[in-house]
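Work through the exercises below with the sequence and the model side by side. Try each task before reading its solution.

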Amino acid sequence: MRLIPVRSSNVAAVGFDENSSTLEVAFKSGSTYRYFGVPAQHFHVLTGGSVSVGHYLNTEIKSRFRYERIA
């Protein structure tokens with residue numbers, strides 16, 4: 001999955017696989033998570049540059065979608 005750098009104090013980059021609706025988030029701490037069943041619109045919001053990436057992840061992604069730590 002190709003990751004796109006984002007402007008965030010906590011998140012380094014995000015990527016999205018349209019076929020599986022999987023969002024991948026690489027944190028600056030070195031850990032990486034995959035979130036499953038995420039609609040593409042969330043990825044577009046995260047990469048659009050108009051929202052706080054960390055806040056959006058906390059309020060719209062983490063509590064709503066199944067995830068796993070992969071690194």
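A residue is buried under 20% relative accessible area, exposed over 50%, and partly exposed in between (1.4 Å probe, protein chains only). The model is predicted: local features need pLDDT of at least 70, side-chain atom pairs count only at pLDDT 80 or more, and totals for chains, interfaces and linings use all residues. Residues are numbered from 1 along each chain as its sequence is written, and side-chain values use heavy atoms, with hydrogens and water left out.

**Exercise 1. Find which residues touch the most other members of the largest nonpolar core.**

Step 1. Define the set. A nonpolar core joins buried Ala, Val, Leu, Ile, Met, Phe, Trp, Tyr and Cys residues through side-chain atoms within 4.5 Å.

Step 2. Pick out the residues. The core has 17 residues, and Val11, Leu23, Val25, Tyr35, Leu57 and Ile61 touch the most other members.

Step 3. Trace the elements. Two or more residues each come from β2 (11-17), β3 (22-27), β4 (32-36), α1 (40-47) and α2 (53-61). The most come from α2, which gives four.

**Exercise 2. Describe Val14 and its surroundings.**

Step 1. Val14 belongs to strand β2. Its relative accessible area is 0%, so Val14 is buried.

Step 2. Leave aside neighbours within four places in sequence. Val14 then contacts Arg2, Leu3, Ile4, Val6, Glu24, Val25, Phe43, Leu46 and Thr47.

Step 3. Take Val25 from that list. The C-alpha atoms of Val14 and Val25 are separated by 4.6 Å, although the two are eleven residues apart along the chain.

**Exercise 3. Work out how α1 and α2 pack.**

Step 1. Two packed helices are described by the angle between their axes and the distance between the axes. Axes are lines fitted to C-alpha atoms, for helices over the stretch in contact, and angles run from 0 to 180 degrees between N-to-C directions.

Step 2. Read the values. The angle between α1 and α2 is about 160°, and their axes lie 10 Å apart. Therefore α1 is roughly antiparallel to α2. The label covers angles over 145 degrees.

Step 3. Name the partners. From α1, His42, Val45 and Leu46 meet Val53, Tyr56, Leu57, Glu60 and Ile61 of α2.

**Exercise 4. Say what sets the phi of Ser21 apart.**

Step 1. Most residues other than glycine have a negative phi. Ser21 is not a glycine, yet its phi is positive, at about 55°.

Step 2. Locate the residue. Ser21 is in the loop between β2 and β3. With a relative accessible area of 26%, Ser21 is partly exposed.

**Exercise 5. Classify Gly48 as buried or exposed.**

Step 1. Gly48 lies in the loop between α1 and α2.

Step 2. Its relative accessibility is 53%, so Gly48 counts as exposed.

How values were computed: Angles under 35 degrees count as roughly parallel, over 145 as roughly antiparallel, 65 to 115 as roughly perpendicular and the rest as oblique. Contact means heavy atoms within 4.5 Å.
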